[in-house]
Amino acid sequence: MTRRFPDYFLWGAATASYQIEGAVAEDGRSESVWDRFCRIPGRVLNGDTGDVACDHYHRWRDDIRIMEDLGLSAYRFSVAWPRVVPEGRGPVNQAGLDFYDRLVDGLLETGIEPFLTLFHWDLPQCLEDEGGWRVRGTAHAFAEYAAAVESRLGDRVKHWLTLNEPWVVAHLGHRTGQHAPGLVNSGTEFDVIHHQLLGHGLAAQALRAGHAGSEIGIALNLEPKVARSDHPLDLDAAALEEGLMNRWFLDPVTGRGYPDDLRAVSGWPASVVVHGDLDVIAEPLDAVGLNYYRTEVVGHPGLRDCDRPAPLRNPPPEITEMGWPVTPSGLGEMLRMLDGYGFEAIYITENGAAFPDTTRDGGMVQDEDRRSYLERHLIEAAMAIGDGVPLRGYFAWTLLDNFEWSLGYSRRFGLIHVDHATQQRTPKASGHWYRDVIARNGI
């Protein structure tokens, strides 16, 4: 049985600037929070940095040829804020914009639709020194940066995403310290979320004031939270975690404000919220991007196993190298949830898995586990479309094995294997499989 996708469906792959570009000190680019974070001993596995990454800044033409060979109809990439506005605000670095200008032209010449993300975590360090996303001024600086990029590229780029996964910046960057800027229990997590969402709304306004006909959205990492048991405390814990990860972002960007029940539980004083902020955050969107990787099992920390009614809801035994359970059904669940919010267009802007990729045959990396992961998630996507969900495209994470944040180069998500010592690109079986899926527009 072949599950076909609509003729309008876009097939893509996604990347992020700091994870692939390299060239961190070329053509006027300034230091980002990730450049600084990588220099702190013990923060990134093996002391890895994104200084070179996949050297995409110099090899972008070759990488576009790889995209063409895969048959991609769309490519999602992010712009590096410190490359375009090195001081965070103020003068625009035209040399930095030139790179993205060439990239966009190269994509369009190959028939690949560019999907541009304005912020994928590489905040200029100079703004972090002034308080980063903890202060209101960064939201306004972000809107100015958005306007600068739109002014240069808006005549050709028609798909825009403001932020990528603001939950990660707030939670991993300001609570657990696993990501830049590496703050632990700073007490600013919810302020950081608010200022990012305010920046999103201001940037959406700036984009809309530019070239007509653009599609504007935001990319959110969303996932179901399943209670570990039927114990009321486990059920409450799962509902709270799911609300903080999903509703806390979706409600304000769709005009519903921050959920009252979650505000009460979080204890957030909301002192940074001023009159009119929620209206700005609710700037109408044309689309939403869903980044989906897993469903998480949640239990109340105060319960012992013997206190829970049997059987326990344990995570599935199949996990990725990230330790994440393989749960394709959660993708369908999240797509239907987004449909309930009334979005006119939904894209799966990230979906993929890290596996060791140790088996080679005839020069090709054999990665059946990744191929299976992608296939099962695409089946869920096809079923959601059959149920009327307005899913318009799918972006595999990721095109190339890249710098995986605090895990350095130890995890591989790519459809294409990269030897980071030589920058040699080698196809994986999953990439060839994905090419065939695209060619027949179905699985």
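# Briefing: helices, salt bridges and backbone in a predicted model

In helix α13, the residues Gly-330, Leu-331, Gly-332, Met-334, Leu-335 and Leu-338 are buried. The model is predicted. A search of the whole structure gives 37 salt bridges.

**Helix α13**

- Helix α13 runs over residues 329–340 and has 12 residues.
- From its first C-alpha to its last, α13 reaches 17 Å, close to the 16 Å expected at 1.5 Å a residue.
- The buried residues of α13 are covered by elements that include the helices α10 (232–253) and α14 (368–386).
- Strands also cover the buried residues of α13, among them β7 (288–291), β9 (346–350) and β12 (391–397).

**Helix α7**

- Helix α7 has 17 residues, and the distance from its first C-alpha to its last is 25 Å, close to the 24 Å expected at 1.5 Å a residue.
- The buried residues in α7 include Ala-139, Phe-142, Ala-143, Tyr-145, Ala-146, Val-149 and Leu-153.
- An α-helix has 3.6 residues a turn, so residues three or four places apart point the same way.
- Glu-150 and Thr-138 are also among the buried residues of α7.
- Helices that cover the buried residues of α7 include α4, α5, α6 (125–129) and α9.
- The cover of the buried residues of α7 also includes the strands β3 (113–119) and β4.

**Packing of α3 against α5**

- Helix α3 (residues 56–70) packs against helix α5 (residues 94–109) at an angle of about 10°, and their axes are 10 Å apart.
- Angles under 35 degrees count as roughly parallel, and α3 and α5 are therefore roughly parallel to each other.
- The contact is made on the α3 side by His-56, Tyr-57, Trp-60, Ile-64 and Met-67.
- On the α5 side, the contact is made by Ala-95, Phe-99, Arg-102, Leu-103, Gly-106 and Leu-107.
- The residues of this contact of α3 with α5 comprise 8 nonpolar, 2 polar and 1 charged.

**Salt bridges**

- Arg-83 and Glu-21 form a salt bridge through their side chains, at 3.0 Å from N to O.
- Arg-83 is in helix α4 (residues 81–84) and Glu-21 is in the loop between α1 (17–20) and α2 (33–38), so this pair ties together parts that are 62 residues apart in sequence.
- Arg-83 is buried, with a relative accessible area of 0%, and Glu-21 is buried too, with a relative accessible area of 3%.
- Asp-105 and Arg-156 form a salt bridge in which the closest N and O atoms are 2.8 Å apart.
- This pair links distant parts of the chain, with Asp-105 in helix α5 and Arg-156 in the loop between α7 (137–153) and β4 (159–164), 51 residues apart.
- Asp-105 is partly exposed at a relative accessible area of 27%, whereas Arg-156 counts as buried at 18% relative accessibility.
- Asp-105 and Arg-156 belong to a network of salt bridges that also links Asp-98, Asp-101, Arg-152 and Asp-155.
- Glu-128 and Arg-134 also meet in a salt bridge, at 2.9 Å from N to O.
- Glu-128 counts as buried at 10% relative accessibility, while Arg-134 is partly exposed, with a relative accessible area of 22%.

**Backbone angles and peptide bonds**

- Most residues other than glycine have a negative phi, and most peptide bonds are trans.
- Ala-23 has a positive phi, near 50°.
- Ala-23 is in the loop between α1 and α2, and Ala-23 is buried, with a relative accessible area of 7%.
- Asn-46 also has a positive phi, near 65°.
- Asn-46 is in the loop between α2 and α3, and Asn-46 is exposed, with a relative accessible area of 65%.
- The peptide bond from Ala-180 to Pro-181 is cis, with omega near 5°.
- Pro-181 is placed in the loop between α8 (166–174) and α9 (189–208).
- Trp-397 and Thr-398 are joined by a cis peptide bond, with omega about 10°.
- Thr-398 is in the loop between β12 and β13 (416–419).

Definitions and conventions. Residues numbered from 1 in each chain as written. Predicted model: local features only at pLDDT ≥ 70, side-chain atom pairs only at ≥ 80, totals over all residues. Heavy atoms only, no water. Axes fitted to C-alpha atoms, helices over the stretch in contact; angles between N-to-C directions. Helix = DSSP H or I, 4+ residues; strand = E, 2+ residues; numbered from the N terminus. Parallel < 35°, antiparallel > 145°, perpendicular 65-115°, else oblique. Contact = heavy atoms within 4.5 Å. Nonpolar A, V, L, I, M, F, W, Y, C, P; charged D, E, K, R; others polar. Expected span 1.5 Å × (residues − 1). Buried < 20%, exposed > 50% of the residue type's maximum accessible area, 1.4 Å probe, protein only. Salt bridge = Lys/Arg side-chain N within 4 Å of Asp/Glu carboxyl O.
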